[in-house]
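Here's a walk through a two-chain model, with the cut-offs spelled out as they come up. Have the coordinates open alongside.

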Amino acid sequence: MRRFLRPGHDPVRERLKRDLFQFNKTVEHGFPHQPSALGYSPFLRLMAIGTRSGAIKLYGAPGVEFMGLHEENNTVMQIHFIPDQCQLVTLLDDNSLHLWSLKQHGGTSELREENRFTLKGPPGSPPSATQVTAVLPHSSREVLYLGTESGNIFVVELPSFRVLEDRTITPEAVLQRIPEDNCNRRSCELVEALREHPKNPDQILIGYSRGLIVLWDLQNNKATHHFLGSQQLENLYWQRDGSKFISCHYDGSYSQWPVSSDNRQAEPLENTVPYGPFPCKAISKIYWQTTKNGLPYIIFQGGMPRASYGDRHSISVIHGSQQTAFDFTSRVIDFFIIFSSDPAAEFDDPSALVVLAEEELVVIDLKSAGWPAVHPPYLASLHCSAITCSHHVSNIPLKLWERIISAGSKQNIHYSSMPWPIDGGTNIAPDPPQRDLLLTGHEDGTVRFWDASGVCLHLLYKLSTVRVFLTDADPNDNMNTLGEDEWPPLRKVGTFDPYSDDPRLGIQKIYLCKYSGYLAVAGTAGQVLVMELNDEDAEHVVDHAEADLLQDQEGYRWKGHEKLKTRDGPVRFEAGFQPFVLVQCQPPAVVTSLALHSEWRLVAFGTSHGFGLFDHQQKRLVFVKCTLHPSDQLALEGPLSRVKSLKKSLRQSFRRIRRSRVSSRKRRGGGGNASEVQEANAKFDQDVLQEMELAPVQRKIEARSAEDSFTGFVRTLYFADTFLRDSSRHCPSLWAGTNGGTVYAFCLRVPPAERRMDEPVRAEQAKEIQLMHRAPVVGILVLDGRSTPLPEPLEVAHDLSKSPDMQGSHQLLVVSEEQFKVFTLPKVSSKLKLKLTALEGCRVRKVTVANFGSCKTDDYSENDLAVLTNLGDIQIISLPFLKLQIRYPCIRKEDVSGIASCVFTKYGQGFYLISPSEFERFSLSTKWLVEPRCVVDMPEVTTNNHVHKPGTENAARKS
Amino acid sequence: EFRRFSLERSKPGKFEEFYGLLQHVHKIPNVDVLVGYTDIHGDLLPINNDDNYHKAVSTANPLLRIFIQRKEDADYSAFGTDTMTRKKNVLSNVLRPDNHKKKPHIVISMPQDFRPVSSIIDVDILPETHRRVRLYKYGTDKPLGFYIRDGSSVRVTPHGLEKVPGIFISRLVPGGLAQSTGLLAVNDEVLEVNGIEVSGKSLDQVTDMMIANSRNLIITVRPANQRNNVVRNSRTSGSSGQSTESSLPSSTPNILGSLLQGEEESDEEDIIIEDSGEPQQIPKATPASESIESLSQIELLHESTQNGFLPSSEMNLNHSTGSISMEYEAPEPGPKSLEEDGTIITL
């Protein structure tokens, strides 16, 4: 034993380890958590998203991604690209400005922070004097105009951030030219908007919060025009030719103003309250886009009638007689329009509306009739319903891949066929080495299939299990079915829908056989569905069976939820995975483990009460085994009464997390009602915490006993063709491991293919191993005569794996949360073990066999165990000798949901949730590394023609 | 009856041989006897295995006084700490048992027949302020019965005194193993778990380590109450005064760490039930390369656990009749070949 604890000093092995293992966090998939700002460069065709944690992410053509993080971790308030440059400026909520630039380095572009700056007023001035409210990067690329709360507009030089004090535009200077009677000093408080004249770079439009709008001549340093709005101003937008601009207001109105040389004090041409006459909410941003046919597009955010639709997050598009209010399920952060960026073009000709909502990115095609949404190739909202489990399948055969894509494309017909409009930069990453699928199970009973091969996590297909069951929610109850003349003309867009009709539908376990296309999913109410991939729509009856896992045990009462009601008669299923068998466990407890053997046509499932084996060919239950300890009352009563302490500890850990967030938020300060509320919440939380910390946290030290609760909880199931009874004959077997450290092995007799339907599958318990340390069994694995893990079902049949060595003696590896143990087979004697918890105090949370290839030679690869511990460390442990190879810190140990969500791939990569909506991808392998590699070139700026970038073809291919 | 004979001090041989010799000398070949001797402090101590036999021989100065009692009517109370001084004359007890007839007749087996429950170990290598306690959960139904918490303790560091986070015992469950041993107390600071330092580890980590080691838990504590510490090199503790010339350097507490890991192998066998038959312990596979190492380890630990369990309790036992005592003279003191680790058991 001691030999295995000593760190290896074999220099050859040490060198090999360097060729095999390497830890990298490579890319973040999904939608940024808590986005707070949006920016777009029509020049680079790149979009930037800032978050409340100070991250900034740039996206262009699929695969073109950059990420930066502000050291301060403060909320990004505004993002502005410097015109015609690979640079952008961010404004944080601590009033600091940061200059970022994209620079090429070693063949790829990198996003780096160049400079930072905080505007400082004269000593003694109030902080509002320098609180930046509006930022205008001037087209000369040399200066930034910074509008402030005080009404002063400061000019800073780029990239040095030097304040050009002589060029400051003070309210006094502005007021000089304006008649006293309708203006005073207060009219010039708080700069709401700064807009450069589209044709004349020497003129900027300044909008003050109280409604005064001034056209300022930079050359002569004077106001040439002024416009007096009666309403509080929200935003401004120039018409393309600079003859008119549009302003939007707090009362839900917008006005058009003419700019002509003869009239220096214009009245609005038109003043409209689009959703009047009743009081409306503010229109916070507006676009005026001209088109060839003369009808402009007016696109604005907000403005809904306050009383009836004040809670909607909407963006309205008006084009002639067409008007639609796109209704988002989460708050709109910001939006922009992609239009012709060619300065010589006469019209804007908008092509797409890009909306950043709090939980998703929605792009609307404005060119196609009906304004359909565009399917985004990245920034997928993973959490459109909360993720409940994940499953990764590597190296998908092309045939299955194509069938899944084809099933998915039938679901996506309502999407626009427009190529992805944000297509800046060039993806130079090599093609992904293989086709990988990531399957996520969701709370609403859906399974989503993601293309996880490359940098862009892309939704291929969505499967819903809801149709099999009768739920309270009527599937026809759709919010989109509003009548034709409904006003306002709301249209629900986006996929984010966090509300689950029935929590029992939640998916808990997924198993996909990539060779046969069989899929098994299991859920919260003990339901197990076996499905088959069908390329056509079909209507059929789902066979239904019940598995009573308690097996006549007396005196037990399930107090948890009821089982799901099934639909009688045939059900219509769309093309894709269609269920043909439903097994419902009784009691309907959460399914905790699942295994599918597509060659033997068997599915095994386990709950906290026991496990069962179902023959999905003959549609017959083969056996059930109750694993419950007679004294374990808790497990029987169901989730309502169970584990109060767990609930409590969960709540505590959430509070702890929240406290860390709150304290970081507190530093930001800032005005406004919302932050006051936050402050109050923070104080409350703090008080609660202090109260809690008075009682010392203590932990009970007690050996686990057989009588502990949830010892019967089935943690893992495993099919193996191995030597269970004697060393001369191998047979199919099913292995199950429980929370109480028990391993059950069943010998199976599966009839040969020609009599598969005639003879029943038989099972007989052959072994039961009780680990004396009684820690939960989290993994079971059989190693063949060459100490290689047995191949997956059908892997050998498809010539994708060597057949296992059935000559030498097999070994059984049992992984508990605390130890790794190797036993001989068929006579079980202990051979090796590695004690993890006793030595390091950490416990195994996830374990998988992964294949590691050497980056130096193509012909060397080995299988090791990839292990994630409860401390968030990843360890690689060699097979079959169980020597610790290497350890990397990966996830913070407080990040319980991150650790729980981790999945490993078969080739040493992995994913875990860093927020409800984002997967972090990491790699342990030197060979398989999926990370963004991309270049952003400076398009030529001298010509007036917009250079169309090669990235467009990429976009077309991906979307 | 008295016998006097000589023995080669440098080569005392095995206990079995010595036992045979005694039976031969006393011409009682088929009578089970208890063998005891008086050590230099006047305590009557048993000889029942190689270790204490060697110890007895090596401490003979130069005369080793041996007492032999018939096993069935042995006076166990005769053994133990301070026996010779407490009882004015053990011999008189032994020879004139009639004086003590009033005591109740309880049969309690020999100390080696008891399963150890807890022990203080490594007294000779630990600083005096520390205590290493071993709790044997195996085989008892008693809960371990204690709780730990976070806290802070003061350490001497190169920068002076510093407050550092530590793990402390926060509660003992009444009737639990931890409480019944009396070796652990509330507010004792936990320093090591099975040879692994806990500094830098979180409460949860230490909890997991203790639970993972719960079948053979060895915790090193700094007792909150430092007055009951085992004081080395003195006789007051009555721990029969072994290890006076401990050759091991002190304050190397990790020496046993890896040994203990190996030791655990033997007492934690998983159980297998084949074809619904009887549960059995899973044997160790013995591949050629490993067998010798693991075997020798087991041997080693066998010695260390067997060696020198001494009764320290006072029990009411009946006294013997018909005992035999004997003296013999050992030759010149030879080199002390054996070190002992000062193990005490508490019953």
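## Around B:Asp150

B:Asp150 is partly exposed, because its relative accessibility is 45%; buried means under 20% relative accessible area, exposed over 50%, and partly exposed in between, using a 1.4 Å probe and protein chains only. The residue sits in strand β6 of chain B, residues 146–157. Helices (H or I, at least four residues) and strands (E, at least two) are DSSP runs here, numbered from the N terminus.

Who touches B:Asp150? Setting aside neighbours within four places in sequence, B:Asp150 contacts A:Val697, B:Gly166, B:Ile167, B:Phe168 and B:Leu203, where contact means heavy atoms within 4.5 Å. Its C-alpha atom is 8.8 Å from that of B:Ile169, a residue 19 places away along the chain.

## What you're looking at

This is a predicted model, in which local features need pLDDT of at least 70 and side-chain atom pairs count only at pLDDT 80 or more, while totals for chains, interfaces and linings use all residues. Residues are numbered from 1 along each chain as its sequence is written, chains are lettered from A and ligands numbered from 1 in the order in which they are written, and side-chain values use heavy atoms, with hydrogens and water left out.

Chain A has an average pLDDT of 86, and 87% of its residues score at least 70; pLDDT is the predictor's confidence in each residue, from 0 to 100. Residues 1–6 of chain A fall below 50, and that stretch has 14 contacts in the model beyond near neighbours in sequence. Residues 475–482 of chain A are also below 50, with four such contacts.

## The two chains in numbers

Chain A holds 11 helices and 65 strands. Of its 959 residues, 57% are buried. Among contacts in chain A with a separation of 6 or more, 59% link residues 24 or more positions apart. Its accessible surface is about 40100 Å², with 48% belonging to carbon and sulfur atoms; areas come from the Shrake-Rupley method with a 1.4 Å probe, and for residues only the protein chains shown count as cover.

Chain B has eight helices and 14 strands, and 49% of its 347 residues count as buried. For chain B, 69% of the contacts with a separation of 6 or more are between residues 24 or more positions apart.

## Strands worth a click

In chain A, four strands make an open antiparallel sheet in the order β18-β19-β20-β21. Its edge strands are β18 (233–238) and β21 (270–272), each pairing on one side only. On average, neighbouring strands of this sheet are turned by 20° against each other, direction ignored; the axes are lines fitted to C-alpha atoms (for helices, over the stretch in contact), with angles running from 0 to 180 degrees between N-to-C directions. Strand β20 (residues 254–258) of chain A is joined to β21(A) by three bridges, and two strands pair if DSSP finds at least two bridges between them. A:Tyr254 stands opposite A:Thr272 in β21(A).

Over in chain B, strand β4 (residues 118–121) is covered on both faces: B:Ser118 and B:Ile120 on one side, B:Ser119 and B:Ile121 on the other, are all buried. Four bridges tie β4(B) to the antiparallel strand β5 (residues 131–135) of chain B, with B:Val133 as the bridge partner of B:Ile120. Back in chain A, A:Thr716 belongs to strand β50 (residues 714–722) and counts as buried because its relative accessibility is 11%. Its contacts outside four places in sequence include A:Trp735, A:Val777 and A:Ile780.

Most residues other than glycine have a negative phi, and most peptide bonds are trans. A:Leu158 and A:Pro159 are joined by a cis peptide bond, omega about -5°, and A:Pro159 lies in the loop between β12 (153–157) and β13 (162–163) of chain A. The bond from A:Gln586 to A:Pro587 is cis too, with omega near 0°.

A:Trp371 has a positive phi, near 45°, and is buried because its relative accessibility is 3%. B:Lys27 has a positive phi near 55° and is exposed because its relative accessibility is 68%; B:Lys27 lies in the loop between α1 (15–25) and β1 (33–38) of chain B.
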